[in-house]
Amino acid sequence: MRIDSTHSDLELISLLKRGDTYAFDQLYARHWSAMYRSAFYLLRDEEACMDIVQDIFTWLWEKRRELDIQAVPSYLRSAVRFKVANYIRSGKIRESFYADLATLETETTIGSQELLELNDLKTIIQQAINTLPEKCRQIFLLSRDRQLSNQQIADLLGLSIKTVEAQKTIALKRIRAVVEPHLLAMLLCPILTHYHY
């Protein structure tokens, strides 16, 4: 059967279940970009986001005979959220991830629920920053807000570079400890409520 853009996602899933590689390619072409953007919106890591999308499509191909998907876009969105949550939980995220979340600009393409979640997350991050010891907070903010290097911060505050590095590490660990449970809940709650039993 010739597959073209007139086939619905559910028709493509039906063909995919029978091992049709063209149906798989069509699903990939239709959805990879939105999936990538969804992952990148949070992670801001191109390589990790590409890996996440590839992992999801690899899994789809491997489990194609068992698939029971009724709404392809929401299923794939949930898969991205789940994979992003696993990636965050694994601790593989880059050092500046939590600091970057606090300054993340809202995109006009996100929905009202995502906007609320992002604003809640920014509030939680700011609260975590506010609880840091004074010197630790000062160093963290000089790094994040003014984009100063460790050496510049050390010179400005009359500290050793090792002290600056240690204080930034402490700040990021404390922020992560506060923010990660909220971020994981934000990512996983829509998945859990979507698949209620």
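Colleague: How many helices and how many strands are there in the protein chain?

Modeller: This is a predicted model, in which local features need pLDDT of at least 70 and side-chain atom pairs count only at pLDDT 80 or more, while totals for chains, interfaces and linings use all residues. Residues are numbered from 1 along each chain as its sequence is written, and side-chain values use heavy atoms, with hydrogens and water left out. Helices (H or I, at least four residues) and strands (E, at least two) are DSSP runs, numbered from the N terminus. Read along the sequence, the pattern is α-α-α-α-α-α-α-α-α, and the count for the protein chain is 9 helices and 0 strands.

Colleague: What percentage of the 197 residues in the protein chain is buried?

Modeller: Buried means under 20% relative accessible area, exposed means over 50%, and partly exposed lies in between, with a 1.4 Å probe and protein chains only. For the 197 residues of the protein chain, the buried part is 42%.

Colleague: Is helix 2 parallel or oblique to helix 4?

Modeller: Two packed helices are described by the angle between their axes and the distance between the axes. Axes are lines fitted to C-alpha atoms, for helices over the stretch in contact, and angles run from 0 to 180 degrees between N-to-C directions; angles under 35 degrees count as roughly parallel, over 145 as roughly antiparallel, 65 to 115 as roughly perpendicular and the rest as oblique. The axes of helix 2 (residues 21-43) and helix 4 (residues 72-90) come within 10 Å and cross at roughly 40°. That angle makes helix 2, relative to helix 4, oblique.

Colleague: How many nonpolar residues does the contact of helix 2 with helix 4 have?

Modeller: Contact means heavy atoms within 4.5 Å, and the residues that make this contact include Leu27 and Met35 of helix 2 and Leu76 and Val80 of helix 4. Ala, Val, Leu, Ile, Met, Phe, Trp, Tyr, Cys and Pro count as nonpolar, Asp, Glu, Lys and Arg as charged, and the others, Gly among them, as polar. By these classes the contact has 2 polar residues, no charged ones, and nonpolar residues numbering 12.

Colleague: At what angle do helix 2 and helix 3 pack?

Modeller: Helix 3 covers residues 46-62, and its axis lies 9 Å from that of helix 2. The angle at which the two pack is about 145°.

Colleague: Is Gln147 buried or exposed?

Modeller: Gln147 is found in the loop between helix 7 (134-144) and helix 8 (150-157), and it has a positive phi of about 60° although it is not a glycine. Because its relative accessibility is 62%, Gln147 counts as exposed.
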